[in-house]
Amino acid sequence: MQISVIGCGYLGAVHAASMAKVGHDVVAVDVDPERIAALSRGEAPFFEPELPETLAAATATGRIRFTTDMSEVAGARVHFIAVGTPQGADGAADLRYVDAAFTELTRYVRPGDLVVGKSTVPVGTAARLAAELTAAVPGAVLVWNPEFLREGFAVQDTIAPDRLVYGVPGGDAGAPDEEAGAHAVAVLDEVYAGAIAAGTPRLVVGHATAELVKVSANAFLATKISFINAMAEIAEVTGADVTALADAIGLDARIGRKFLNAGLGFGGGCLPKDIRAFRARSVELGLPHTLDFLDDVDAINLRRRDRAVEAATELLGGSVVGKRIAVLGLAFKPNSDDVRDSPALDIAIRLHDAGAEVLAFDPEANETSRRVRPTLTYVGSAREALAAADVVLVLTEWQEFRDLDPFEVASVVTDRVVLDGRNCLDPVAWRDAGFTYRGMGR
Ligand code: UGA
């Protein structure tokens, strides 16, 4: 099938490469010529496991091309919009990239084509765009098909998702457009034929439900993380261990153990901005209090960073000035070089600004961090960061840090003090090596 993908950021680049890998002919468009040049050379513009191989395989088949020229999408039957929806000044989603991509794309869409939104948008956006599309190109159909990929597993999540959600005209009760809806489902089933044959559940809903599935899923995940971090606060004053607590409540299948890791909380390009945009949208919808709890979710989350800075300061005897701090991890989570709203980078910068001598190392995110925070000192290995450290801070749970031998670390640091910001180390092993071990809520 001939497919176009508009936007070659995290979502678009992975989607384009994955669609080519499963056999479609893909043209991928972005306004950034450098990004397009890199992708055309087969280079992934960010660190994502499996993406380089997927891109190389797709490029070798000749089934993918990258361009800055939107007119090249003419000929594709399905056009995916995968541009970013960053946080605007008031917390609401900034839709300027979606609107610009959509307007430009509409010039090349033909009757019968599908325009498929993948970006995370406020509920109501698809209905608005659908009306605009129908007015501009009668017979073209607008679908919302949210994406649930996780960074670090993006290719796998795209090729073998845990569910497919099609938000089609007529999908929500009472909507009239059954013919367009049936056409959209038939075409998308062809796009995702491999995943469907493998048994992936596919839900056909309306525009509003599809948009809400995405934001409510992220709001739920964020709430789950903040719930356990609130328990970490309680554990800290009662002497309980939040990790053992999570293990115990997680064994109840209704609760589940996933996304109950307490620590520094959530960051990244999705959860923080999505809960704020959802909150702002609920107020616009005339429901000023319905999502009040998301303010708490946000506040609990941000308090973890304050708590980590306080804990590091306490461990250093009350002042960080002139103290040497080894920061292990800068990315918002392991297997990523993404530092957007990263708790780890935020904490490192705060300690640096407070007068500490911070030596930071991340296996993949040194360069992305340096671009946004050039004043921090970045080193090339964990060992260099650890040399003569007064305290060790593990802020992103890369396997490499989990695997550190505390006895070896003990031999290079000045003081045996470790703050485990992600509760990813074995406290017994570190204490056995002579360390003062401090976790987050344990
Ligand atoms: C998230 C969702 O998990 C995806 O389903 C969604 O498609 C994506 O946002 C998106 O909207 O595009 P992602 O941002 O890649 O994916 O990262 P997550 O794995 O959700 O982790 C988010 C943050 O929560 C990370 O900072 C992580 O360290 C933190 N986290 C996660 C915890 O603090 N505790 C946990 O138990 C789990």
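This is a predicted model: local features need pLDDT of at least 70, side-chain atom pairs count only at pLDDT 80 or more; totals for chains, interfaces and linings use all residues.
The rings of F361 and F401 form an edge-to-face aromatic pair, 6.2 Å from centre to centre and with 75 degrees between their planes. Because F361 belongs to strand β10 (residues 357-361) and F401 to helix α16 (residues 399-402), the pair ties together parts that are 40 residues apart in sequence.

## Aromatic pair Y166 and Y192

The count of aromatic pairs comes to five. One of them joins Y166 and Y192, whose ring centres are 6.3 Å apart and whose planes meet at 25 degrees, so this pair is stacked. The limit for stacking is an angle under 30 degrees.

Distant parts of the chain are linked here: Y166 is in strand β7 (residues 164-167), while Y192 is in the loop between α7 (178-191) and α8 (193-197), 26 residues apart. Y166 is buried, with a relative accessible area of 0%, and Y192 is buried at 5%.

## Charged groups over rings

Two arginine side chains, R150 and R163, are placed over phenylalanine rings. The charged end of R163 sits over the ring of F148, 3.6 Å from the ring centre. For R150, the charged end sits over the ring of F153, at 4.4 Å from its centre.

## Helix α5 and its buried face

Helix α5 comprises 12 residues, 125-136. From its first C-alpha to its last it reaches 17 Å, close to the 16 Å expected at 1.5 Å a residue. The buried residues in α5 are T125, A126, L129, A130 and L133. Viewed down the axis of α5, its buried residues fall within an arc of 125 degrees, so they line one face of the helix. An α-helix has 3.6 residues a turn, so residues three or four places apart point the same way.

Several elements cover the buried residues of α5. Among them are the helices α4 (96-106) and α9 (207-238), together with the strands β5 (114-117) and β6 (141-144).

## Helix α12 and the residue beyond it

Helix α12 covers residues 292-315, 24 residues in all. At 1.5 Å a residue the helix should span 34 Å, and its end C-alpha atoms are 35 Å apart, which agrees. Just after α12, G317 takes a positive phi of about 85 degrees.

Key: Residues are numbered from 1 along each chain as its sequence is written. Side-chain values use heavy atoms; hydrogens and water are left out. Helices (H or I, at least four residues) and strands (E, at least two) are DSSP runs, numbered from the N terminus. The expected span of a helix is 1.5 Å times one less than its number of residues. Buried means under 20% relative accessible area, exposed over 50%, partly exposed in between (1.4 Å probe, protein chains only). The arc is that of the directions from the helix axis to the C-beta atoms. Contact means heavy atoms within 4.5 Å. Rings of Phe, Tyr and Trp (its six-membered ring) pair if their centres lie within 6.5 Å; planes under 30 degrees apart count as stacked, over 60 as edge-to-face and the rest as tilted. A charge sits over a ring if NZ of Lys or CZ of Arg is within 6 Å of the ring centre and within 35 degrees of the ring normal.
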